[in-house]
Amino acid sequence: MLPNGARMRSSDEFRLTVRRGVRAARPSVVVHARLGDDPPAQVGFVVSKAVGNAVTRNRTKRRLRHLAADRLAGLPATARVVVRALPAASATPERLVEDFTTAWDRALARMR
């Protein structure tokens, strides 16, 4: 689970990260990243209704939060990351880990 201060909640932060950050896409997930102004590093998640019903969306979000929590320590102190799940995230959940890892690593490499 992500620490309390590490979750992005502000719609302005989401918007800035998606619009001004770098982007790395895979078939089941898109990761947007940018350097913010103040610590701590924050991660936000977007799982739309296109992914599935409420149970499927929440399951997908929990999986993504778990994957992000494992990588939070490697983020720069002011990093802002938005992880957006695509419909393929629920269609092929076994692929989610590989897609997330690849997109996360690419986005952070481009951000630096």
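Start with the hairpin: strands β1 and β2 form it, with three residues between them. Helices and strands here are DSSP runs, numbered from the N terminus (helices H or I, at least four residues; strands E, at least two). This is a predicted model: local features need pLDDT of at least 70, side-chain atom pairs count only at pLDDT 80 or more, and totals for chains, interfaces and linings use all residues. Residues are numbered from 1 along each chain as its sequence is written, and side-chain values use heavy atoms, with hydrogens and water left out.

**Select 22-25 and 29-35.** These are β1 and β2, paired in the antiparallel sense over four bridges. Two strands pair if DSSP finds at least two bridges between them. Look across from alanine 24: valine 31 of β2 stands opposite. Arginine 23 has histidine 32 as its bridge partner in β2.

How many of the seven residues of β2 are buried? Six are, so β2 is mostly covered (buried is under 20% relative accessible area, exposed over 50%, partly exposed in between; 1.4 Å probe, protein chains only).

**Now the core.** Select Val43, Leu64, Leu75, Val81, Val83 and Trp104. Of the 28 residues in the largest nonpolar core, these touch the most other members. A nonpolar core is a set of buried Ala, Val, Leu, Ile, Met, Phe, Trp, Tyr and Cys residues joined through side-chain atoms within 4.5 Å. Helix α4 gives the most, with seven residues. In soluble globular proteins, nonpolar side chains tend to be buried together.

Zoom in on tryptophan 104. Leaving aside neighbours within four places in sequence, tryptophan 104 is in contact (heavy atoms within 4.5 Å) with Val31, Val43, Ala68, Arg71, Leu75, Val81 and Val83.

**Step to proline 40.** Proline 40 is in the loop between β2 and β3. A cis peptide bond joins proline 39 and proline 40, with omega about 0°. Most peptide bonds are trans.

**Next, alanine 88.** This residue is in helix α3 (residues 88-91). Is alanine 88 buried or partly exposed? Alanine 88 counts as partly exposed because its relative accessibility is 25%. Not counting residues up to four places away in sequence, alanine 88 touches Pro27 and Ser28. Alanine 88 and valine 29 are 59 residues apart in sequence, yet 8.0 Å apart in space, C-alpha to C-alpha.

**Finish with the charges.** The whole structure holds five salt bridges (a side-chain nitrogen of Lys or Arg within 4 Å of a carboxyl oxygen of Asp or Glu).

- Arginine 15 and aspartate 12: closest N and O atoms 2.7 Å apart. The two are three residues apart in helix α1 (residues 11-20), so about one helical turn separates them.
- Glutamate 13 and arginine 80: 3.2 Å, N to O. Glutamate 13 lies in α1 and arginine 80 in β4, so the pair ties together parts that are 67 residues apart in sequence. Arginine 80 is buried, at 5% relative accessibility. Glu13, Arg34 and Arg80 are linked in a salt-bridge network.
- Aspartate 99 and arginine 26: closest N and O atoms 3.5 Å apart. Aspartate 99 is in α4 and arginine 26 in the loop between β1 and β2, 73 residues apart. Aspartate 99 is buried at 0%, while arginine 26 is partly exposed at 22%.
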